[in-house]
Amino acid sequence: MGSSATDARNSDTLLYDMASVLKIMGLSLWLYLASSQGSTTTHVFSEVNGTVHIDVSSSIGFTDENFICATMDWWPPTKCDYGTCSWGTASLLNLDLSNKILVNAIRAFSPLKIRIGGTLQDKVIYQTADDPTPCSQFLRNSSEMFGFTQGCLPLSRWDDLNNFFNMTGAEIIFGLNALNGRTIGSDGSCTGAWNSSNAESLIRHTVNSGYTIYGWELGNELSGRGIGASVAAEQYASDIITLQKTVQDIYKGFETKPLVLGPGGFFDANWFTKFVKGAANSLQVVTHHIYNLGPGVDDHLIEKILDPSYLDGGAQPFRDLQKILNSSGSSTVAWVGEAGGAYNSGRDRVTNAFVFSFWYLDQLGMSSSYDSKTYCRQSLIGGNYGLLDTNTYVPNPDYYSALLWHRLMGRNVLSTSFEGTKKIRAYAHCSKNSIGITLVLINLDKATTVEVGVSIEKLMSNKTLTVEQIVEQTRNTNPTSRYKHNGENEMMMREEYHLTAKDGDLHSQTMLLNGEIIKVNTSSGIIPPLVPRRVISSEPITVAPFSILFAQIPSSIQLPACK
């Protein structure tokens, strides 16, 4: 009897806390969508009701602290696609490492993971201290695989790069040439084991020089059918074991050793199943690539990006790889090792414009919900899909989207869904540096106002409650509850980051934050502060059409999934 009374009192106390917390969190969200794409077409505006469902009982994924990653590639200035040469001097071999914007753009993440790799990595030879032969450059040759001759990484450039990485605080994943020692058949299939001698020389030089490497990855897009060449899963697993042994030997005595990653290719369920099984004890991270929008020359890229059904289809490789890893019994985790959305360097004014943040942020949310630990965007700079402009180094819209994600979204991923319209994409994580939840709301609609209610599920005793139900229940059970309409708790502030395109133009490379242009100081290279709009939590949230909102909602207690 006494125990039951105590439980009842504890339940009431928790209920009162929940009522206060949910009211404070301002979870009656109103999404007002009020602008158009910037065309001359007259749009008919409408309103719909919807509900965001957030399960706070436990997290469904747990990302790395530094989930955001970007790539640096090998492509020389002569890399051209569809008559456009979009790489300029963005190759890691000729990138201006002294550029102030570049330095500050990386430092802003503190730290940013950078994956060095790409198509030509499997044609790179590493200069060694005992070989004085001058390094050869990549030269265009249509008869060669990937359209270029073999290239070389000079030790002096590797030293310069590592000094740069150390200065900016970047965490480096280096993609090794996985084709050394193999014979490539006319159909692209490879025979023979990986010759690790040249890679071993580079790794030893790296260690002897005191450089820190976060991980060594073997190969680029050689899985499954491969791009240009392919390696059987069983052989690749054997080669990963070789790499792991090499790393363990060279880093013997080091308290922290680099990760071993692979295969850095497109997902093929059968191939990946065999690979993970064969390499599981030596493989810390399985990496796969995402280019699910098709070629950059496709005129329908924006239609795909704005199509919720098309975006939903992107979940398949995440879901299938998660199943493979869960059934493998290993501790191997999944990363997206490279993702540019549209292959062959993307498309100007699409993959480097505001509209691409819809696809990019949706990918970040989706991949993390399937327990991907890291997501590497192609590219940091270079091509038409860089976070930074290839020529000016000025950040493109996706840079700021990535930076906000990095600063606001915590490691714990919450199960989140939306009903009422398919044009709203919703993701939620526990907040990164505060107690509460951060929502990302992506509006793919150009003319609809959405009134959103929030359902907090499994908050206590597996119950699903709305804000109104909790408040009403609190009033009925205890008129003297600690809930205050005009008290201090009512004044807790919510932070909002509204992202829109300049002039409502989805093709714009200029992003607005809360109505103000985000602009880097080109002389100092200083990345501008991303200042939120602070509002009383009980006020509605307003989100324009074709826009993105990060909403950081505070809580006075730690939610179960966030503990």
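Biologist: Let's start with Ala561: buried or exposed?

Modeller: Ala561 is buried, because its relative accessible area is 4%. Buried means under 20% relative accessible area, exposed means over 50%, and partly exposed is in between (1.4 Å probe, protein chains only). One caution: this is a predicted model, where local features need pLDDT of at least 70, side-chain atom pairs count only at pLDDT 80 or more, and totals for chains, interfaces and linings use all residues. Residues are numbered from 1 along each chain as its sequence is written, and side-chain values use heavy atoms, with hydrogens and water left out.

Biologist: Which residues does Ala561 touch?

Modeller: Leaving out residues up to four places away in sequence, Ala561 touches Val56, Ser57, Ser58, Ser59, Asn412, Leu414 and Cys430. Contact here means heavy atoms within 4.5 Å.

Biologist: And how far apart are Ala561 and Val56?

Modeller: In sequence they are 505 residues apart, but C-alpha to C-alpha they are 5.1 Å apart in space. Ala561 itself sits in the segment after strand E27 (548–554). Helices (H or I, at least four residues) and strands (E, at least two) are DSSP runs, numbered from the N terminus.

Biologist: What share of contacts in the protein join residues at least 24 apart?

Modeller: Among contacts between residues at least 6 apart in sequence, 77% join residues at least 24 apart. Buried residues make up 58% of the 563 in the protein, and there are 12 helices and 27 strands.

Biologist: New topic, helix H2. How many of its residues are buried?

Modeller: Six of the eight, so H2 counts as mostly covered. The buried ones are Ile101, Leu102, Val103, Asn104, Ala105 and Ile106.

Biologist: What do those buried residues pack against?

Modeller: They pack against E5, helix H3 (155–168) and helix H11 (397–408).

Biologist: What comes in the loop between H2 and E5?

Modeller: Ser110 is in that loop, and Pro111 is there too, with H2 covering 100–107 and E5 covering 113–116. The peptide bond from Ser110 to Pro111 is cis, with omega near 5 degrees. Ser110 also has a positive phi of about 40 degrees, although it is not a glycine. Its relative accessible area is 58%, so Ser110 is exposed.

Biologist: Where is Pro263, and what about the bond from Gly262?

Modeller: Pro263 is in strand E12 (residues 259–266). The peptide bond from Gly262 to Pro263 is cis, with omega near 5 degrees.

Biologist: OK, helices again. How do H5 and H6 pack?

Modeller: H5 (residues 233–250) and H6 (residues 269–279) pack at an angle of about 35 degrees, with their axes 8 Å apart. From H5 the contact uses Ala233, Glu234, Tyr236, Ala237, Ile240 and Ile241, and from H6 it uses Trp271, Lys274, Phe275, Gly278 and Ala279.

Biologist: How do you get the axes and angles?

Modeller: Axes are lines fitted to C-alpha atoms, for helices over the stretch in contact, and angles run from 0 to 180 degrees between N-to-C directions.

Biologist: Last one: where is Arg349?

Modeller: Arg349 lies in the loop between E16 and helix H10 (356–369). Arg349 has a positive phi of about 65 degrees although it is not a glycine, and it is partly exposed, with a relative accessible area of 40%. Tyr343 is in strand E16 (residues 342–343), and Tyr343 is partly exposed at 37% relative accessible area.
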